[in-house]
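Please look over the sequence and the structure, and then read on.

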Amino acid sequence: MPSKFILVAEDNPDDAFIFEMRFKRAALPHAVQIVGDGQQVIDWLSGRNGFSNRTEHPLPDRVVLDLKMPIKTGFEALEWIRSQKSFEQLPVIILSSSDDPKDVKRAFDLGATKYFVKSPQLQDVIEYLRTI
């Protein structure tokens with residue numbers, strides 16, 4: 001069983017598939033679970049709405065968030081994560097298609113650990129995950 005667990009929030013099925021394939025090829029010692037929006041991240045972390053079984057839904061060692069998602073955005077999920085005492089130190093990596101400096105600044109202001117732009121930097125994300 002992998003020693004680390006990464007929770008990924010990505011609403012685009014194609015991007016989620018690409019992330020999973022690249023992640024598997026990298027052969028990192030992490031388990032990955034993908035959810036479709038920021039609300040599911042909040043529910044997972046708080047153990048609500050079907051995510052209470054910690055054997056099936058363990059607390060992650062790190063979270064990867066897309067920013068533009070339905071229901072709750074990555075910004076909203078990040079803000080919630082940082083407002084919880086138990087998750088203040090949880091590494092949160094942003095993986096977004098936005099390279100808008102305002103989005104980057106807002107993510108870091110809300111407490112993001114690292115920010116990557118999707119297309120050209122997916123391999124950089126994998127390498128970053130390899131180092132932590």
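This is a predicted model: local features need pLDDT of at least 70, side-chain atom pairs count only at pLDDT 80 or more; totals for chains, interfaces and linings use all residues.

Residues are numbered from 1 along each chain as its sequence is written, and side-chain values use heavy atoms, with hydrogens and water left out.

**Overall plan**

The protein chain has 5 helices and 5 strands, which follow one another from the N terminus as β-α-β-α-β-α-β-α-β-α. Helices (H or I, at least four residues) and strands (E, at least two) are DSSP runs, numbered from the N terminus. Of the 132 residues in the protein chain, 45% are buried, where buried means under 20% relative accessible area with a 1.4 Å probe, protein chains only. Among contacts between residues at least 6 apart in sequence, 63% join residues at least 24 apart; contact means heavy atoms within 4.5 Å.

**The sheet**

The 5 strands form an open sheet in the order β2-β1-β3-β4-β5, with parallel pairing. Because β2 and β5 (114–117) stand at the edges with a single partner strand each, one side of each is left without a neighbour in the sheet. From one strand to the next, the twist averages 20 degrees.

| Strand pair | Bridges | Direction |
|---|---|---|
| β1 and β2 | 6 bridges | parallel |
| β1 and β3 | 4 bridges | parallel |
| β3 and β4 | 3 bridges | parallel |

**The helices**

Helix α1 (residues 13–26) lies across β1, β2 and β4, and runs at about 175 degrees to β2. Angles run from 0 to 180 degrees between N-to-C directions, and axes are lines fitted to C-alpha atoms, for helices over the stretch in contact.

Helix α2 (residues 38–46) has 7 of its 9 residues buried, so α2 is largely enclosed by the rest of the structure. The buried residues of α2 are Gly38, Gln39, Val41, Ile42, Asp43, Trp44 and Leu45, and what covers them includes β1, β2, β3 and α3.

Helix α3 (residues 74–83) packs against helix α4 (residues 101–110) at an angle of about 20 degrees, with the axes 9 Å apart. Phe75, Leu78, Glu79 and Arg82 in α3 meet Asp103, Arg106, Ala107 and Leu110 in α4.

**A loop residue**

Ser98 lies in the loop between β4 and α4, and Ser98 is buried, with a relative accessible area of 11%. Leaving aside neighbours within four places in sequence, Ser98 is in contact with Lys68, Asp103, Tyr115 and Val117. Ser98 and Lys68 are 30 residues apart in sequence, and their C-alpha atoms are 8.7 Å apart in space.

Conventions. Two strands pair if DSSP finds at least two bridges between them. Buried means under 20% relative accessible area, exposed over 50%, partly exposed in between (1.4 Å probe, protein chains only).
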